[in-house]
Amino acid sequence: EPSQIPSSIPSLNPSSEPSSTPSTEPSQIPSLLPSSNPSKDPSQIPSFLPSSEPSMGPSFSPWGSCGYNYDTKLVVGVVDDVMDSFQTITLPFTYTKMVVVTTPVNVGGMSDDAVATRVKEAAGNSFELKVVVMKQASTPNNPPRKVHFIVVEEGEYTKATNGINMVAQQVVVTGTQNNANPNDIAQMVQISSTQVANIPTARMTVLGQVMTANSAQVSIFWAHNGNHNYPPEKNSFYVGKHVNKEAITAGVETLGVIILEDNVEQAYGPRSFSASLGPDSVGGMDTVWEYAFTNSGWTPEVVIASQNAFTGLGMGWMNLRGASPFVNSSAFQLAIDETDDRPHTSEEVSYAVFSDCNG
């Protein structure tokens, strides 16, 4: 029923209950529906709004859903004070096959330890998250850290049916790479062109995460087109995991991969987002780098970023930079970190920026 769609959701706080009573007036529905659908007739609610709704009982947590029930079960958020031991992140939806991607925040650059995120037990309505110190700074600066995240249900989605062109997949990867074998695609998994047929652009925004922690060794998601110097293409698309310059001991892990179209900005429910494969201009932790993104007037809140391919001597992973990564409403700060030389050759980075609930 339209009356069950909440008109507001409280600020990010997993223990809180919604602070307002859902309106019983159909006239209140439009604030949670895309602006392109002005009708107040409940029969005109877009088909990508599922008939089932997330529970509003004690298990409900307002992590970035804005009270909106997406087909994709898309949730974004920022977790403060993530430590080096696993903590459970509870979500407002229950997933059949959850896909999670995270990006840590580095405030101090080279003066902060190099940390990467680890995810495990991503199933049902929660996942576990921690940060791992990969390399200590000259004066160790241990966690906690902020971590941005996105969660969606595995599937292939179209804008016409679901309101968004997106592919989300879990991918099991047996092999692992380091900088000695970056073009060994036998260690990677190929994504076929048919799997990304609903992505309308030639270039793609590819975001990813190692979503399990089966091995003691931390491994990092990466993707390329069969040549480590170039990002994935629809007809040549490989995903895998790497351990930078370290000796390989990592075993079988599951990746979470989210693919969006390139150079897109649009509304999606009460949020807006901007996603793209950015230019070859992001380097290492010795400098603060900026990416500009398209924004037609909304307030940015969450950024997910993944390095695509690598051209330097070492592999790495993405960090957001600064106490707030946003320089202004249409630019954010980021940098590549690694376990060896933390300066890094410039690379291309895929990113998706999401607005607050008033997007």
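Colleague: How do the residues of the lining of the largest cavity divide into nonpolar, polar and charged?
Modeller: Ten are nonpolar, ten are polar and one is charged. Here Ala, Val, Leu, Ile, Met, Phe, Trp, Tyr, Cys and Pro count as nonpolar, Asp, Glu, Lys and Arg as charged, and the others, Gly among them, as polar. Please note that this is a predicted model, in which local features need pLDDT of at least 70 and side-chain atom pairs count only at pLDDT 80 or more, while totals for chains, interfaces and linings use all residues. Residues are numbered from 1 along each chain as its sequence is written, and side-chain values use heavy atoms, with hydrogens and water left out.

Colleague: How many cavities of 30 Å³ or more does the structure hold, and how much space lies in the largest?
Modeller: The structure holds four such cavities, and the largest contains about 230 Å³ of space. A cavity is a set of points, on a 1 Å grid over the protein atoms alone, where a 1.4 Å probe fits but cannot get out; lining residues have an atom within 4 Å of a point. Points are joined across faces, edges and corners, and the volume is the space filled by probe spheres set on them.

Colleague: Which residues are closest to the centre of that largest cavity?
Modeller: They are Gly-208, Gln-209, Ile-220, Phe-221 and Trp-317, out of 21 lining residues.

Colleague: And which elements give two or more residues to that lining?
Modeller: Six strands are named: S3 (98–106), S4 (114–135), S9 (204–210), S10 (220–224), S16 (300–308) and S17 (317–321). Strands (E, at least two residues) and helices (H or I, at least four) are DSSP runs, numbered from the N terminus.

Colleague: Zooming out, how many helices and strands are in the chain?
Modeller: The chain has one helix and 20 strands. Of its 359 residues, 57% count as buried, where buried means under 20% relative accessible area, exposed over 50% and partly exposed in between (1.4 Å probe, protein chains only).

Colleague: How much of the contact in the chain is between residues 24 or more positions apart?
Modeller: Such pairs account for 74% of the contacts with a separation of 6 or more; a contact means heavy atoms within 4.5 Å. Leaving out residues up to four places away in sequence, Ser-274 touches Val-264, Glu-265, Phe-293, Thr-294, Trp-298, Tyr-351, Ala-352 and Val-353.

Colleague: Is Ser-274 buried or exposed?
Modeller: Ser-274 counts as buried, because its relative accessible area is 3%.

Colleague: What about salt bridges: how many does a search of the whole structure find?
Modeller: The search finds seven. A salt bridge is a side-chain nitrogen of Lys or Arg within 4 Å of a carboxyl oxygen of Asp or Glu. One of them joins Arg-118 to Glu-253, with the closest N and O atoms 3.9 Å apart. This pair links distant parts of the chain, as Arg-118 is in strand S4 and Glu-253 in strand S12 (residues 253–261), 135 residues apart. Both Arg-118 and Glu-253 are buried.

Colleague: Which residue does Glu-154 form a salt bridge with?
Modeller: Its partner is Lys-97, at 3.4 Å between the closest N and O atoms. Glu-154 lies in the loop between strand S5 (145–153) and strand S6 (155–157), and Lys-97 in the loop between strand S2 (87–95) and S3, so the pair ties together parts 57 residues apart in sequence. Glu-154 is partly exposed at 26% relative accessible area, and Lys-97 is also partly exposed, at 36%.

Colleague: Last topic: what is phi of Ala-309?
Modeller: Phi of Ala-309 is near 65 degrees, a positive value in a residue other than glycine. Ala-309 sits in the loop between S16 and S17 and is buried, at 3% relative accessibility. Glu-121 also has a positive phi, of about 50 degrees, although it is not a glycine. Glu-121 lies in strand S4 and counts as exposed, at 54% relative accessibility.

Conventions
On a 1 Å grid over the protein atoms alone, a cavity is a set of points where a 1.4 Å probe fits but cannot get out, and a pocket is an open set with protein on both sides within 12 Å along at least five of seven lines; lining residues have an atom within 4 Å of a point.
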